[in-house]
Amino acid sequence: MPKYRYLCNNRRCRKVTVEEHSMAAHKTVTECDHCGSVARQLYETVRTQSSAGWPYYCDAMAVHPAQVHAEAERLAAAGIPTQFNARDGRPEVRDNQHRNKLLAFYGYHDKDACYGQRSG
Ligand SMILES: [Zn+2]
């Protein structure tokens with residue numbers, strides 16, 4: 001499930017509360033974990049897709065659309081069943097675990113990996 005970050009509105013607190021819930025249950029305001037004040041959602045300007053929602057389509061691991069079928073078979077044979085967008089060749093990354101497997105399979109490094117993400 002996606003994680004959402006909220007910044008406390010209380011100037012003396014200003015702590016970040018992290019909540020994990022489904023996108024359907026998403027809200028833009030919550031109660032600060034630290035002081036109980038109103039906390040508003042922090043919108044990430046970078047890496048919005050990977051931090052705010054799964055699944056997402058990954059540009060970096062895209063293949064040529066003509067290779068989608070072969071690549072899906074290759075990944076399935078490696079134990080990493082993956083759906084592709086047939087039009088643009090981008091793989092659908094379902095969750096962190098799936099992402100880590102794909103990165104390992106392709107030998108990619110993520111220099112600013114988050115907690116629980118493969119970094120090399
Ligand atoms: Zn607070």
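1. The chain has three helices and six strands; helices (H or I, at least four residues) and strands (E, at least two) are DSSP runs, numbered from the N terminus. Going along the sequence, the pattern reads β-β-β-β-α-β-α-β-α.

2. A word on the numbers: this is a predicted model, where local features need pLDDT of at least 70, side-chain atom pairs count only at pLDDT 80 or more, and totals for chains, interfaces and linings use all residues. Residues are numbered from 1 along each chain as its sequence is written.

3. Now the sheet. Four strands form an open sheet in the order β2-β1-β4-β3, with antiparallel pairing (two strands pair if DSSP finds at least two bridges between them). β2 (16-20) and β3 (29-31) stand at the edges with a single partner strand each, so one side of each has no neighbour in the sheet.

4. Inside that sheet, β1 (residues 3-8) and β4 (residues 38-41) pair in the antiparallel sense over three bridges. Tyr6 stands opposite Gln41 in β4.

5. What makes up the largest nonpolar core? Its five residues are Tyr4, Tyr6, Cys8, Cys32 and Ala39, and β1 gives the most, with three residues. Such a core is a set of buried Ala, Val, Leu, Ile, Met, Phe, Trp, Tyr and Cys residues joined through C-beta atoms within 7 Å.

6. Buried residues make up 12% of the 120 residues in the chain; buried means that 20 or more other C-beta atoms, placed from the backbone, lie within 10 Å of the residue's own.
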